[in-house]
There are 2 protein chains.
Amino acid sequence: MAWNVVIAGGGFGGFYAAKTLEKILPPHAARVTLVNDVNFMLYTPLLPGAAGGALEPRHVVVPLREELETTDLRLGSVVSAEPDRNVVRVESLHGKTEELPYDQLIVALGSVSKTFPIPGLAEHAMGFKALPEAIELRNRVLRCLEAAETLDDPAERAEWLSFVFVGAGYAGLEGLAELQDFAADIIDLYPRCRTQGMRWVLVEAKERVMTEIQPSLAEFAQRELRSRGIEICLNTSLNEVTPRSATLSDGCVIPARTVVWTTGVKPHPVVAELGLQTDEGGRLVTDRNLRVAGRENVWA
Amino acid sequence: MAWNVVIAGGGFGGFYAAKTLEKILPPHAARVTLVNDVNFMLYTPLLPGAAGGALEPRHVVVPLREELETTDLRLGSVVSAEPDRNVVRVESLHGKTEELPYDQLIVALGSVSKTFPIPGLAEHAMGFKALPEAIELRNRVLRCLEAAETLDDPAERAEWLSFVFVGAGYAGLEGLAELQDFAADIIDLYPRCRTQGMRWVLVEAKERVMTEIQPSLAEFAQRELRSRGIEICLNTSLNEVTPRSATLSDGCVIPARTVVWTTGVKPHPVVAELGLQTDEGGRLVTDRNLRVAGRENVWA
């Protein structure tokens with residue numbers, strides 16, 4: 001009998017797992033079901049381009065139904081699992097929960113933004129990890145310019161014209177760079193804003209930007225940003241956010257209406273509901289073959 | 001001293017009024033302020049194209065700041081006026097209300113969807129007049145296909161695969177045509193939906209479609225739609241909408257999750273707050289020069 005393979009998650013991990021199974025499995029050897037909450041894979045490296053308007057949102061996604069041939073795409077959210085019974089529970093788009101049985105399960109649920117208990121952060125800061133957030137961020141920059149343009153008081157205008165990004169990894173640095181570029185292109189259309197100028201601030205707790213790449217390249221990116229008038233505060237963290245300001249660990253208070261939070265990720269919260277072994281960071285524990293600890297037929 | 005001209009509304013009327021004043025007024029003869037709630041003019045004839053995905057949303061709008069040179073664009077909503085004092089009250093993006101004085105006022109606030117007290121209409125039907133509605137409609141068609149694909153019961157699937165448009169004027173007919181075309185293009189990607197097929201229904205209270213154009217052309221459009229499998233119910237109106245059905249005046253109940261309402265427009269509700277003379281339909285009363293009745297310096 002054909003195997004049931006269930007893949008939870010349609011990001012890079014889940015999508016390429018499905019693609020690869022389609023390629024290497026003999027025809028009809030398995031029924032592969034991919035469960036994802038949207039019908040596309042977000043090509044995350046291009047997300048900053050979508051935020052800055054250099055790319056159309058539809059050009060930074062891969063439509064799963066077009067790319068997958070034999071895999072059954074099931075739209076819905078994985079809500080839990082029972083590995084002892086070999087089932088995953090999925091809540092469908094129309095709110096029904098059903099059980100999907102599997103012979104082999106691949107968990108590729110990805111990550112969500114990591115937040116810290118900083119006062120005001122959850123209420124007043126924006127994330128930058130999903131496509132709607134990228135679009136919202138671009139719209140927000142435009143709305144801020146429009147709002148500033150209607151104000152008589154320069155101090156009030158300054159709040160709308162200041163943008164603080166916290167976290168100088170790839171997403172934060174590239175996101176800020178694209179949006180600042182976009183804003184610099186259009187500010188000529190806003191007579192008052194143009195005269196006053198904007199303020200773009202990148203805040204990073206570590207001693208340099210982009211620790212994921214080599215120092216010389218990060219150094220180059222940093223010089224480039226500073227030459228464009230972007231302020232970079234290293235060895236600095238965020239202490240508080242209000243609707244109108246960001247307070248940094250060095251005591252500096254930046255009057256700003258927009259604070260974007262891009263300091264890393266944590267495992268998807270559903271991972272904790274799967275009945276599988278996780279480490280203290282909430283990540284699944286696997287062996288070198290990506291087999292989840294204690295389970296013969298679960299992979300992550 | 002230079003005149004203050006205030007234009008309320010940045011649609012076809014307001015935008016072209018500003019454009020024309022820029023062209024014909026001597027330099028510095030007047031300060032022209034255009035008040036609008038968004039910084040673009042929606043090119044409404046292309047809205048169905050945006051709904052169907054044939055056009056990018058950004059390609060169906062005219063950016064007011066780029067198109068207007070000397071006109072001051074003020075983003076905000078007109079909330080009322082006092083013609084005896086020659087002021088308009090505007091609520092800005094950040095929630096402050098302020099008074100704009102004028103020497104000449106042009107009212108071009110446009111229209112909003114006209115609804116009737118049909119049970120369930122306000123709660124369960126969608127409008128199709130603004131850009132977000134066009135985008136929402138396209139996304140909804142996609143979500144309906146995805147939802148139907150997850151269902152085992154053909155009758156339940158039929159609800160998600162049925163789309164009812166009420167009102168066969170330009171917006172309704174063209175909107176339905178573009179969306180049905182879009183859906184027909186992608187249904188191949190949905191194995192269950194493809195087998196079952198979709199249902200697209202156009203409901204019109206009058207005896208023919210598109211009364212705004214000549215009968216022979218309307219006849220052609222109608223034949224075209226019918227040849228594509230679209231059902232057209234003439235001399236029929238909508239009696240009730242539920243989340244899962246539309247009931248027509250001929251007693252027919254269509255199981256459908258999507259009902260779109262495109263039966264005409266009424267004046268923008270703010271028009272009633274301007275202290276100007278309106279007719280029983282709520283429209284401003286003007287003379288043949290578009291001067292509002294009883295006011296020397298107000299135009300509509």
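**Figure 1. The cysteines B:C233 and B:C252 in a predicted model.** The sulfur of B:C252 lies 6.4 Å from the closest cysteine sulfur, that of B:C233, which is too far for a bond. A disulfide is a covalent bond between the sulfur atoms of two cysteines, and is counted here when a pair of cysteine sulfur atoms lies within 2.5 Å. The search of the whole structure, over all chains, finds zero disulfides. B:C233 is accordingly in no disulfide, with the sulfur of B:C252 as its nearest cysteine sulfur. B:C233 is buried at a relative accessible area of 17%, whereas B:C252 is partly exposed at 29%; buried means under 20% relative accessible area, exposed over 50%, and partly exposed in between, with a 1.4 Å probe and protein chains only. This is a predicted model, in which local features need pLDDT of at least 70 and side-chain atom pairs count only at pLDDT 80 or more, while totals for chains, interfaces and linings use all residues. Residues are numbered from 1 along each chain as its sequence is written, chains are lettered from A and ligands numbered from 1 in the order in which they are written, and side-chain values use heavy atoms, with hydrogens and water left out.

Figure 2. With a relative accessible area of 12%, B:S245 is buried. Its side chain is joined to that of B:T242 by a polar contact of 2.9 Å, a term for a pair of N or O atoms within 3.5 Å, of which, within protein, one must be able to donate a hydrogen and the other to accept it, residues adjacent in sequence counting only if both atoms are side-chain atoms. Leaving aside residues up to four places away in sequence, B:S245 touches B:E240, B:V253, B:I254, B:P255 and B:A256, where contact means heavy atoms within 4.5 Å.

Figure 3. B:N297 sits in the loop between strand 18 (265-267) and strand 19 (298-299) of chain B, and counts as buried at 13% relative accessibility.

**Figure 4. B:L42 in strand 3 of chain B.** The strand covers residues 40-42, and B:L42 counts as buried, with a relative accessibility of 15%. Apart from residues up to four places away in sequence, B:L42 touches B:F12, B:L47, B:V60, B:V61, B:K129, B:A130 and B:L131.

**Figure 5. The aromatic residues around A:F12 and A:Y16.** Over all chains, the search of the whole structure finds 12 aromatic pairs. A:F12 and A:Y16 form a stacked pair, with 6.3 Å from centre to centre and 10 degrees between the planes; rings of Phe, Tyr and Trp (its six-membered ring) pair if their centres lie within 6.5 Å, and planes under 30 degrees apart count as stacked, over 60 as edge-to-face and the rest as tilted. Both residues lie in helix 1 (residues 12-24) of chain A, where they are four residues apart, about one turn of the helix. A:F12 is partly exposed at a relative accessible area of 34%, and A:Y16 is likewise partly exposed at 42%. Together with A:F15 and A:Y43, these two residues form one aromatic cluster.

**Figure 6. The interface between chain A and chain B.** Contacts link 26 residues of chain A with 26 residues of chain B. The area buried between the chains is about 2,300 Å², of which carbon and sulfur atoms give 49%; buried area is the accessible area (1.4 Å probe) that two parts lose on being put together, summed over both. A:R65, A:E146 and A:T150 supply 27% of the area that chain A buries against chain B, more than any other three residues. Because 100% of the interface residues of chain A are also interface residues in chain B, the copies meet through the same surface.

**Figure 7. The axis that relates chain A and chain B.** Chain A is superposed on chain B by a rotation of 180 degrees with 0.0 Å of shift along its axis, at an RMSD of 0.0 Å; the copies are superposed by least squares on the C-alpha atoms of residues with pLDDT of at least 70 in both. The two copies are thus related as by a two-fold rotation axis. In chain A, the C-alpha nearest the axis belongs to A:E56, at 4.2 Å from it.

Notes
Helix = DSSP H or I, 4+ residues; strand = E, 2+ residues; numbered from the N terminus.
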